[in-house]
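Trainee: I've got a model open and some questions about its charged pairs and overall build. Can we go through them together?

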Amino acid sequence: MTKNRIQRSALILAFAASTLALSACQNLSSPTVRFDRQVNYGDAKAVELVTNEFGSTDLQMIAEKMTGGLLETGIFQGRPTVTISTVKNKTSEYIDTTNVMSSIQTALVKSGKVRFVRSINEMQQGVDELQRQNQSGLYKQGTTAKVGQMTAAKYTMEGELTSIVKQNNSTKDVYYKFTLKLFDVQEGTIEWQDEKEIRKTSKR
């Protein structure tokens, strides 16, 4: 092998090595999308039995029971106004009880038999909008919503969720009870009340 051929081969090897090194550096620094877990879409109404803690199936069963009971009473003749008051979570779990009331409210609104007015938690947004329309000077006169024209609620809905948990070495039993009451605001009377009980037991 001549001296020139040896030098040429050495140059080719050096170029190949540097190319591989550069490629390795680029692979380490480039963003990567990983697929460590398999993700699938499922049926939102499917029964959920992952744990015996409060879950989506419990929420759906409560909403269905309460909505059906309210609509069967006939108390909503004339499309009265209703607002949502407190929903107490008296369990040891963190449960967003507004989700339960939101599902009940959605079903009742879709029934067309009741009108909901802003709750205490939603009122500030309504006040802010009224102030913006009437005090900002941005809107034509006669097109703004007038202050003092809100419709008051005839009924208010109050609920609470409680639980009893019993556990031994092999079994965990959780009992939930959701209670919903419909009060006549003016008279302070309970016009309707119902409960939904749920028991969930798991074994090791």
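Trainee: Is R132 buried, partly exposed or exposed?

Mentor: Quick caution: this is a predicted model, where local features need pLDDT of at least 70 and side-chain atom pairs count only at pLDDT 80 or more, while totals for chains, interfaces and linings use all residues. Residues are numbered from 1 along each chain as its sequence is written, and side-chain values use heavy atoms, with hydrogens and water left out. Buried means under 20% relative accessible area, exposed over 50%, and partly exposed in between (1.4 Å probe, protein chains only). R132 has 39% relative accessibility, so the label is partly exposed.

Trainee: Which residue does R132 meet in a salt bridge?

Mentor: A salt bridge here is a side-chain nitrogen of Lys or Arg within 4 Å of a carboxyl oxygen of Asp or Glu. Helices (H or I, at least four residues) and strands (E, at least two) are DSSP runs, numbered from the N terminus. The N to O distance is 2.7 Å, and the residue is E129.

Trainee: Where in the chain do K200 and D58 sit, and how many residues apart are they?

Mentor: These two form a salt bridge, with the closest N and O atoms 2.9 Å apart. Both K200 and D58 are buried. K200 belongs to strand β5 (residues 190-203) and D58 to helix α2 (residues 56-73), so this pair links distant parts of the chain, 142 residues apart.

Trainee: Which residue pairs with E160 in a salt bridge?

Mentor: E160 lies in strand β3 (residues 155-167), and its partner is 70 residues away in the loop between β1 (81-89) and α3 (97-111). E160 counts as partly exposed, at 25% relative accessibility. The closest N and O atoms are 3.1 Å apart, and the partner is K90.

Trainee: How many salt bridges does the whole structure have?

Mentor: In general, side chains of opposite charge can pair when their charged atoms come close. We've looked at some of them, including K200 with D58. A search of the whole structure gives six.

Trainee: In what order do the elements run from the N terminus?

Mentor: The protein has four helices and five strands. Of its 204 residues, 27% count as buried. Starting at the N terminus, the order is α-α-β-α-β-α-β-β-β.
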